[in-house]
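Hello,

Here is the structure I promised to pass on to you.

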Amino acid sequence: MIRPLPLAATALLGLAAAAAAFETPAPSASVYDHDAARAYEAEMAMQIDADGSGTIDAGELGAFGAALFRSMNESGTPSRADATGWTGGLHDIAVFQGRESAHSAAAGFVFDLFDTDGDGTLSLGEQAAGTVAAARAADRDGDGVLSRAEFRERHVFSIAARAAVPSSR
Ligand SMILES: [Ca+2]
Ligand SMILES: [Ca+2]
């Protein structure tokens, strides 16, 4: 089971960290390679773990997801076109590697997973439900939180990032 939302203060910290993660500059062109993608993935896990506890809870995931979807559309409820046209995350590295279509497809895959009613828009309710479902799917040991390793290896955000820019590991 994923814990219910933690204290509001924790959620706010998560939000700040999530915003920071999306403001993290993409690696410079000289390091636009697989290692840069891997580093970005690790950085993402570290940023989401806002309180540095080594685990990622539901509040941190929810805050990160909300920031991610807001980065697709300021309304916070992006359309599928907003997702497939998203220029955040590993977009610049994907473009550098000639993998822009893979980046677009990966974002579309995440969108479709969350858009459970298939109407082409991610409602806040779908985001909340999808956040819980994605966390449960990634929680290998079932302790209710994600270790950074569980997030990197099993969470759909990380899987999508790897699909967009395969890691060399
Ligand atoms: Ca929907
Ligand atoms: Ca776990």
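First, some housekeeping. This is a predicted model, in which local features need pLDDT of at least 70 and side-chain atom pairs count only at pLDDT 80 or more, while totals for chains, interfaces and linings use all residues. Residues are numbered from 1 along each chain as its sequence is written, and chains are lettered from A and ligands numbered from 1 in the order in which they are written.

The chain has nine helices and two strands (DSSP runs, H or I of at least four residues for helices and E of at least two for strands, numbered from the N terminus). Reading from the N terminus, the order is α-α-β-α-α-α-α-α-β-α-α. Of the 169 residues, 38% are buried (20 or more other C-beta atoms within 10 Å of the residue's own; 12 or fewer is exposed, in between is partly exposed, and C-beta atoms are placed from the backbone). Among contacts with a separation of 6 or more, 70% join residues 24 or more positions apart (a contact means C-beta atoms, placed from the backbone, within 7 Å).

Now the core. The largest nonpolar core has 37 residues (buried Ala, Val, Leu, Ile, Met, Phe, Trp, Tyr and Cys joined through C-beta atoms within 7 Å). The members that touch the most others are Ile48, Leu90, Ala107, Val110, Ala160 and Ala164. Two or more residues each come from α2 (34–48), α3 (58–72), α5 (91–96), α6 (100–114), α7 (124–138) and α9 (156–164). Helix α3 gives the largest share, nine residues.

On the α6 side, Ala102, His103, Ala106, Ala107, Phe109, Val110 and Leu113 meet Val156, Phe157, Ala160, Ala163 and Ala164 of α9. That contact has eleven nonpolar residues, one polar and no charged (Ala, Val, Leu, Ile, Met, Phe, Trp, Tyr, Cys and Pro are nonpolar, Asp, Glu, Lys and Arg charged, and the others, Gly among them, polar). Leaving out residues up to four places away in sequence, Ala164 touches Leu90, Ala94, Arg99, Ala102, His103 and Ala106.

The other pair is α3 and α7, whose axes come within 10 Å and cross at roughly 125°. These helices are therefore oblique to each other. Here Ala58, Leu61, Gly62, Gly65, Ala66 and Phe69 in α3 meet Gln127, Ala128, Thr131, Val132 and Ala135 in α7; by class, that is seven nonpolar, four polar and no charged residues.

Gly65 sits in α3 and counts as buried because it has 22 C-beta neighbours inside 10 Å. Beyond four places in sequence, Gly65 touches Gln127 and Thr131. Its C-alpha atom is 8.8 Å from that of Ala128, 63 residues away along the chain. Ala133, in α7, has 15 such neighbours inside 10 Å and so counts as partly exposed.

Best wishes

Methods:
Contact = placed C-beta atoms within 7 Å. Axes fitted to C-alpha atoms, helices over the stretch in contact; angles between N-to-C directions. Parallel < 35°, antiparallel > 145°, perpendicular 65-115°, else oblique.
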